[in-house]
Amino acid sequence: MKTTNLVVAATVATVEAATPLRAKEAVSHFTVNELTRSATARRLGIDNTPTAEAVENIQRLIDTVLDPARELLGAPIYVNSGYRCKKLNKAVGGVARSYHLSGRAADLNTGSTEGNRRLYKILKTLPHKELIWERGGTWIHVAY
């Protein structure tokens, strides 16, 4: 892991650990760690630590799109995929210019097609660069 990645990872972990859980829940329904976590990266041994710029983009995505969507939906939203480093993006078959690479996209689901329909309608009203109904509503891709 590069030294800069260690610093970014340590900073993210410190900020999230230093913020009491109740305070985080009162402010946000999502965390930077949640949007960088990847079972595929773990399985393949890929370091998916975001850059400092990606962390800022992730936080803007949370503040501008994800948290408002969660508030309007009134139900949990699950993150299938958020930030992806180049190696992870290639491993999952992501496109070369994916917004995931800069921490500006998330693939989301609610656990049901009907919930995803409601979420999609909500996301259409919020700021976004891309909004894609993926695989018949299995998940929704949103980029900001």
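User: Is Tyr-83 buried or exposed in this model?

Analyst: Tyr-83 counts as buried, because its relative accessibility is 7% and the cut-off for buried is under 20%. Keep in mind that this is a predicted model.

User: What share of the contacts in the protein chain with a separation of 6 or more comes from residues 24 or more positions apart?

Analyst: The share is 61%.

User: Let me step back. How many helices and strands are there in the protein chain?

Analyst: The protein chain has six helices and four strands. Read from the N terminus, the order is α-α-α-α-β-α-β-α-β-β. Of the 144 residues in the protein chain, 42% are buried.

User: How many bridges hold each pair?

Analyst: Take the pairs in sheet order. S1 and S2 pair over three bridges, in the antiparallel sense. S2 and strand S4 (residues 139-143) are antiparallel and joined by four bridges. S3 and S4 are antiparallel too, with five bridges.

User: Which residues should I click on to see bridge partners?

Analyst: Tyr-78 has Asn-109 in S2 as its bridge partner. Asp-107 is partnered by His-141 in S4. Leu-108 is partnered by Ile-140 in S4. Glu-134 is partnered by Trp-139 in S4.

User: How many residues of strand S2 are buried?

Analyst: Strand S2 (residues 105-109) is mostly covered, with five of its five residues buried. Check both faces. Ala-105, Asp-107 and Asn-109 point one way, Ala-106 and Leu-108 point the other way, and all are buried.

User: Now helix packing. At what angle do H4 and H6 pack?

Analyst: The general idea comes first. A pair of packed helices is described by an angle between the axes and a distance between the axes. Here, helix H4 (residues 52-73) packs with helix H6 (residues 113-124) at about 125°, and the axes are 10 Å apart. H4 and H6 are therefore oblique to each other. Their crossing is right-handed.

User: Which residues meet in that contact?

Analyst: H4 brings Val-65, Ala-69, Leu-72 and Leu-73, which meet Gly-115, Arg-118, Leu-119, Ile-122 and Leu-123 of H6. By class, the contact residues of H4 with H6 are seven nonpolar, one polar and one charged.

User: Next, backbone angles. What is the phi of Arg-135?

Analyst: Again, the general idea. Most residues other than glycine have a negative phi. Arg-135 has a positive phi near 45°, and Arg-135 is not a glycine.

User: Where is Arg-135 found?

Analyst: Arg-135 is in the loop between strand S3 (130-134) and S4. S3 and S4 form a hairpin with four residues between the strands. Arg-135 is exposed, because its relative accessible area is 67% and the cut-off for exposed is over 50%.

User: One more tyrosine. Where is Tyr-99, and how accessible is Tyr-99?

Analyst: Tyr-99 lies in the loop between H5 and S2. Its relative accessibility is 23%, so Tyr-99 counts as partly exposed.

User: Which residues does Tyr-99 touch, not counting residues up to four places away in sequence?

Analyst: Tyr-99 touches Arg-104, Ala-105, Lys-129, Glu-130 and Ala-143. Look at Lys-129. Tyr-99 and Lys-129 are 30 residues apart along the chain, and their C-alpha atoms are separated by 9.2 Å.

Note on methods
Residues numbered from 1 in each chain as written. Predicted model: local features only at pLDDT ≥ 70, side-chain atom pairs only at ≥ 80, totals over all residues. Heavy atoms only, no water. Buried < 20%, exposed > 50% of the residue type's maximum accessible area, 1.4 Å probe, protein only. Helix = DSSP H or I, 4+ residues; strand = E, 2+ residues; numbered from the N terminus. Pairing = 2+ DSSP bridges. Axes fitted to C-alpha atoms, helices over the stretch in contact; angles between N-to-C directions. Parallel < 35°, antiparallel > 145°, perpendicular 65-115°, else oblique. Left-handed = near helix turned anticlockwise from the far one by under 90°. Contact = heavy atoms within 4.5 Å. Nonpolar A, V, L, I, M, F, W, Y, C, P; charged D, E, K, R; others polar.
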